[in-house]
Amino acid sequence: MTEAVALGHDLGHTPFGHAGERALNSLCSCGFRHYEQSVRVVERIEKGGKGLNLTDEVKNGILCHTKGEEAYTLEGQIIRIADKIAYINHDIDDAVRAGVMAQEDIPLSLRLQLGMTKSDRINNMVIDVINNSTDKIRMSDDCYSAFMDLHSFMFTAVYTNPVCKGEESKAVGMLEKIYSYYIEHIDEMPEEYISIAQTDGNERAVCDYIAGMSDTYALKVFNKLFVPMCWHE
């Protein structure tokens, strides 16, 4: 069950991550949240609209993997805390590769407590969760406090960094144009999304289509719709 939740928890993520999620949430009158979209994928979109035959426990774990109410199973709680450990360390990796920050920029006190490298941090956090979980999946108070301090550092150094935000605005602008185009041209989407539009409405269908795109595919669609053919790479 843990594996099933892990495989399904981010199926609803948009291209360009949380920036894309915020864009669709602002565009669609019914709102958009990737964890709800993940459940929609397995219930409504997969298998040509028939959905997958998943248990309520799996769907609850997918729905509750990030915010709001906690999953009512230990397996779902595992995914929630594993997701936190994974995303912050991957974000550090991505930021270092992009030249936005260096590992050494992380406050020394946090590196000494959580680990000097990505592997050390993940290992130490996972061991802390194992040692402190009984009837509930949890970190120790000290480890969780350090994790939150690391998140605060990342918020300042990366998540609100002007370089990152500048690129984010480009991605949001692209998705806004794609969304507006298909709202007016529903019949140009793939057949399965045209069918969804007929039952669930145009906004829902366009959100479903865009949310199913990868970054690369969204760029390809944008180029096809808005960039003159002679300018394509």
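Mentor: Start with residue classes: Ala, Val, Leu, Ile, Met, Phe, Trp, Tyr, Cys and Pro count as nonpolar, Asp, Glu, Lys and Arg as charged, and the others, Gly among them, as polar. This is a predicted model, where local features need pLDDT of at least 70 and side-chain atom pairs count only at pLDDT 80 or more, while totals for chains, interfaces and linings use all residues. Residues are numbered from 1 along each chain as its sequence is written, and side-chain values use heavy atoms, with hydrogens and water left out.

Trainee: How do the residues lining the largest pocket divide by class?

Mentor: A pocket is found on a 1 Å grid over the protein atoms alone; it is an open set of points where a 1.4 Å probe fits, with protein on both sides within 12 Å along at least five of seven lines. Lining residues have an atom within 4 Å of a point. Here the lining divides into 18 nonpolar, twelve polar and 15 charged residues. Nearest the centre of this pocket lie G17, H18, A19, D91 and Y159, out of 45 lining residues.

Trainee: How much space lies in the largest pocket, and which element gives the most to its lining?

Mentor: Volume is the space filled by probe spheres set on the points, with grid points joined across faces, edges and corners. That gives about 1700 Å³ for the largest pocket. Helices (H or I, at least four residues) and strands (E, at least two) are DSSP runs, numbered from the N terminus. α5 gives the most to this lining, with nine residues.

Trainee: What about the second largest pocket?

Mentor: About 240 Å³ of space lies there. Its lining includes E70, R80, K84, R138 and D141. By class, this lining has four nonpolar, two polar and six charged residues. Again α5 gives the most, here four residues.

Trainee: How many helices and strands does the protein chain have?

Mentor: Twelve helices and zero strands.

Trainee: How do I describe two packed helices?

Mentor: Use the angle between their axes and the distance between the axes. Axes are lines fitted to C-alpha atoms, for helices over the stretch in contact, and angles run from 0 to 180 degrees between N-to-C directions. Take α9 (residues 162-184) and α12 (residues 215-226): their axes come within 10 Å and cross at roughly 60°. That makes α9 oblique to α12. Angles under 35 degrees count as roughly parallel, over 145 as roughly antiparallel, 65 to 115 as roughly perpendicular and the rest as oblique.

Trainee: Which residues meet?

Mentor: Contact means heavy atoms within 4.5 Å. M174, L175, K177, I178, Y181 and Y182 in α9 meet A218, L219, V221, F222, L225 and F226 in α12. By class, that contact has eleven nonpolar, no polar and one charged residues.
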